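Hi everyone, thanks for having me.

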Amino acid sequence: MTKKITSVLLAVMLLLSCFAATAGAALVVRTVTYHAGEDNEITKVAFAYTDGTVYIDSYPYFGSSYLTRDNYAFAGWSDEENGKVVYFGGEEVALDGSIDLYAVWTPVALEDSEIFFFNNSKRYFTGGEDGKYRLNDEHKAMLEKNIFKTFGPTPVPGIALGAVLATYPQWNWQGSCYGISTVTALQHYGFIDIKGLQDAESLYDMLNDDELISVINYYQANAATSWLCENKAVANTPNSYAASMKDMFESVKSGKIVMYTYYKGAAFVTAGHTVLFTGAYEAADGSHVLVTYNSNRPSRYTNGIKNDRFVLSADFKTMTDDNGVTAGDANWTDTFEQFKSFDINGKGSASSWYNTFFAHIANAFARFFAALGNLFHK
């Protein structure tokens, strides 16, 4: 901020203050200085009436455009350097005097180019008069082969589930959010090469042609096994839910991508949706915020701000989505190895799913006995 600009601002402030006094209005002047990092700073004169209420900017806006940082999401504003988010932006707050605000940026594990440009719309993933899911014959055959290879030989979960999954193309779902999320994560971790279908440099460059839609729908079929493939399933009961959500938040904060499937109430009975969590931070009010790639609105991830967010309460007992809906039952995963069993090229082994699933069971028992031990040692 140059001395010249500062002088102009002060002159404007003085002029308007005099005008307010002349007009008999109880107008007061506040200044808010926004520090967005990378030597970007701007002082704004904010005018308010007697309560000193001012509007906090929603995003760092400098000059003629928003300030963004590659592989970071703007989380909000802190009232101290390197502090936690105090203002998310868009609030009206009462100030006693001038204030300095500092941008809080949080790293994300998924780059803009690693998501699809198109959204999760029924018109892409179903077709024809019957409205069935669009899979080509090759992918249908591979789906059935992998289903029975993984679930058919044993009663865990049994041949019945395999038979149900084989009817997947007949199901009357509305989109392919699970398929989009799965494909995005598997591409990120190098388990599949979807970009190779079109020799594309990134997922964002890919066109939603019949071949790509068929691949996404192939992995959408795994939604029926989400409580198994997303190996960290949890019913919405206060204690188990809170412990699981805390683990999930810490996993995202450590730099992992988490695929999260949630329902408005009970699993498979109420409406559900799947998203990817790519970044995490804590706010000063104790809440825990998750930066989200939501396939319903990909542009909100690629806008430089990444302003789709899910919020966990301070005690981790409730999760609220970006529409303000409190999530019910949920399941999630931060290990995608189990999806190798369903490799679309038939290269995966059923052991990938079994190894991951039973490792999760063993870890669950270990956590249970550890908690039991802590209880008796209190």
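Predicted model: local features only at pLDDT ≥ 70, side-chain atom pairs only at ≥ 80, totals over all residues.

Let's start with strand S8, residues 99-107. On one hand, S8 pairs with strand S1, residues 28-37, in the parallel sense, over four bridges. If you want a spot to look at, find His35, whose bridge partner in S8 is Tyr102. On the other hand, S8 runs antiparallel to strand S6, residues 72-78, and six bridges join those two. There, you can look for Phe74, which has Trp105 in S8 as its bridge partner.

Stay in S8 for a moment and click on Thr106. Is Thr106 buried or exposed? Its relative accessibility is 5%, and buried means under 20%, so Thr106 counts as buried. Who is around it? Leaving aside neighbours within four places in sequence, Thr106 touches Asn71, Tyr72, Ala73, Ala280, Tyr281 and Val291. Take Tyr72 from that list: it sits 34 residues away from Thr106 along the chain, yet their C-alpha atoms are separated by 5.4 Å. And with Ala280, there's a polar contact: the backbone oxygen of Ala280 lies 3.2 Å from a polar atom of the Thr106 side chain.

Now hop over to His288, in strand S14. His288 is buried as well, at 7% relative accessibility. Its side chain reaches the backbone oxygen of Ser313 at 3.2 Å. Beyond its sequence neighbours within four places, His288 is in contact with a list of residues including Phe249, Tyr281, Glu282 and Phe316.

How many does the structure hold? Seven. One of them links Lys253 to Glu282, with the closest N and O atoms 3.4 Å apart. Lys253 is in helix H8 and Glu282 is in strand S13, so this pair ties together parts that are 29 residues apart in sequence. Both ends are partly exposed: Lys253 has a relative accessible area of 44%, and Glu282 comes in at 24%.

Next, look at Asp308. Arg297 forms a salt bridge with Asp308, closest N and O atoms 3.4 Å apart. Those two are eleven residues apart, with both in the loop between S14 and S15. Arg300 also makes a salt bridge with Asp308, this time at 3.6 Å. Asp308 itself is buried, with a relative accessible area of 1%, whereas Arg297 is partly exposed at 25% and Arg300 is partly exposed at 27%. While we're on shared partners, Lys84, Lys253 and Glu282 are joined into one network by their salt bridges.

Two residues have a positive phi without being glycines. Lys306 has a phi of about 55 degrees, and you'll find it in the loop between S14 and S15. Lys306 is buried, at 2% relative accessible area. Phe316 has a phi of about 65 degrees and sits in the loop between S15 and strand S16. Phe316 counts as buried too, at 9%.

Last stop, the surface. Phe117, Tyr204 and Leu207 form a nonpolar patch there, with about 290 Å² of accessible area together. Tyr204 is in the loop between helices H5 and H6, and it's partly exposed at 37%.

Conventions. Residues numbered from 1 in each chain as written. Heavy atoms only, no water. Buried < 20%, exposed > 50% of the residue type's maximum accessible area, 1.4 Å probe, protein only. Pairing = 2+ DSSP bridges. Patch = residues over 30% accessible without salt bridge, like charges linked within 9 Å, V, L, I, M, F, W, Y side chains within 5 Å. Areas by Shrake-Rupley, 256 points an atom, 1.4 Å probe, with all protein chains shown as cover. Salt bridge = Lys/Arg side-chain N within 4 Å of Asp/Glu carboxyl O. Contact = heavy atoms within 4.5 Å. Polar contact = N/O pair within 3.5 Å; in protein donor to acceptor, adjacent residues only side chain to side chain.
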